[in-house]
Amino acid sequence: QGVDVDYEKAFSLFKSSLSYQRSIQSAEAYFYYGEMIHYGIGFSSDCATAVSAYRSVIEKGHWIKQLDKASNAYMEGDHILALTIYEKIAETGNRLAQMNAGWICDTM
C-alpha cells in the first residue's frame, strides 16, 4: 500500500534536519535536500542552492568522524584529547567545535 507522496513535507523534514551539526543524519539530510533542489523534485530546480547543499555534505562528512572522536574522548574522561580535536576543527570555522572547545576550557 505505502504512503502518500508529500514532497513539501519531505523537503521540510530534510531542511529541519540540517541543523543537527554533529551527526551523519545531517550530512544525509543535506544530500537529499540537494537532490530535491537539483532535480526539481516537488519544486523548481536551483543549481546554486543544490551545489551549496552538496558542498555541505562534503564538509560535514569530513568532520563528523573527528567530532565523534572528540565527543567520545570527552565522555571517557580524556578532556585534553577532546579539547585538542575540537580546537583543530574549530580553526576551520566549525561552530559546534568552537562552542565545545570553549565549554571545555571554561570547565577545566
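Which residues form a nonpolar patch on the surface? Val5, Tyr7, Tyr39, Ile41 and Phe43 do, with about 500 Å² of accessible area together. This is a predicted model: local features need pLDDT of at least 70, side-chain atom pairs count only at pLDDT 80 or more, and totals for chains, interfaces and linings use all residues. Residues are numbered from 1 along each chain as its sequence is written, and side-chain values use heavy atoms, with hydrogens and water left out.

**Surface patch**

- Patches take residues with over 30% relative accessible area and no salt bridge; like charges are joined within 9 Å, and nonpolar side chains (Val, Leu, Ile, Met, Phe, Trp, Tyr) within 5 Å.
- A salt bridge is a side-chain nitrogen of Lys or Arg within 4 Å of a carboxyl oxygen of Asp or Glu.
- Accessible areas come from the Shrake-Rupley method with a 1.4 Å probe; for residues, only the protein chains shown count as cover.
- Tyr7, one of the patch residues, lies in helix H1 (residues 7–17).
- Helices (H or I, at least four residues) are DSSP runs, numbered from the N terminus.
- Tyr7 counts as partly exposed because its relative accessibility is 42%.
- Buried means under 20% relative accessible area, exposed over 50%, and partly exposed in between (1.4 Å probe, protein chains only).

**Nonpolar core**

- The largest nonpolar core has 14 residues.
- Such a core is a set of buried Ala, Val, Leu, Ile, Met, Phe, Trp, Tyr and Cys residues joined through side-chain atoms within 4.5 Å.
- Leu67, Ala82, Tyr86, Ile89, Ala97 and Ile104 have the most contacts inside this core.
- Helix H3 (47–75), helix H4 (79–90) and H5 each supply at least two of its residues.
- H4 gives the largest share of the core, six residues.

**Helix H4**

- H4 has twelve residues and reaches 16 Å from its first C-alpha to its last, close to the 16 Å expected at 1.5 Å a residue.
- The expected span is 1.5 Å times one less than the number of residues in the helix.
- Ala82, Leu83, Ile85, Tyr86, Ile89 and Ala90 are the buried residues of H4.
- They lie on the same side of H4 because they cover an arc of only 165 degrees around the axis.
- The arc is that of the directions from the helix axis to the C-beta atoms.
- Ile80 and Lys88 are exposed on the other side of H4.

**Helix H5**

- Helix H5 (residues 95–107) has 13 residues and spans 18 Å from first C-alpha to last, close to the 18 Å expected at 1.5 Å a residue.
- Its buried residues are Leu96, Ala97, Asn100, Ala101 and Ile104.
- Their arc around the axis is only 125 degrees, which puts them on the same side of H5.
- Arg95, Met99 and Asp106 are exposed on the face of H5 turned away from its buried side.

**Helix H3**

- Leu67 is found in helix H3 and counts as buried, at 1% relative accessibility.
- Gln66 also lies in helix H3 but counts as partly exposed, at 31%.
- The C-alpha atoms of Leu67 and Val57 are separated by 15 Å, ten residues apart along the chain.

**Helix H2**

- Ala27 lies in helix H2 (residues 24–39) and is buried, with a relative accessible area of 7%.
- Ala27 and Tyr54 are 27 residues apart in sequence and 9.0 Å apart in space, C-alpha to C-alpha.
- Gly34 lies in helix H2 and counts as buried at 0% relative accessibility.
- From Gly34 to Ser45, eleven residues apart in sequence, the C-alpha to C-alpha separation is 9.8 Å.
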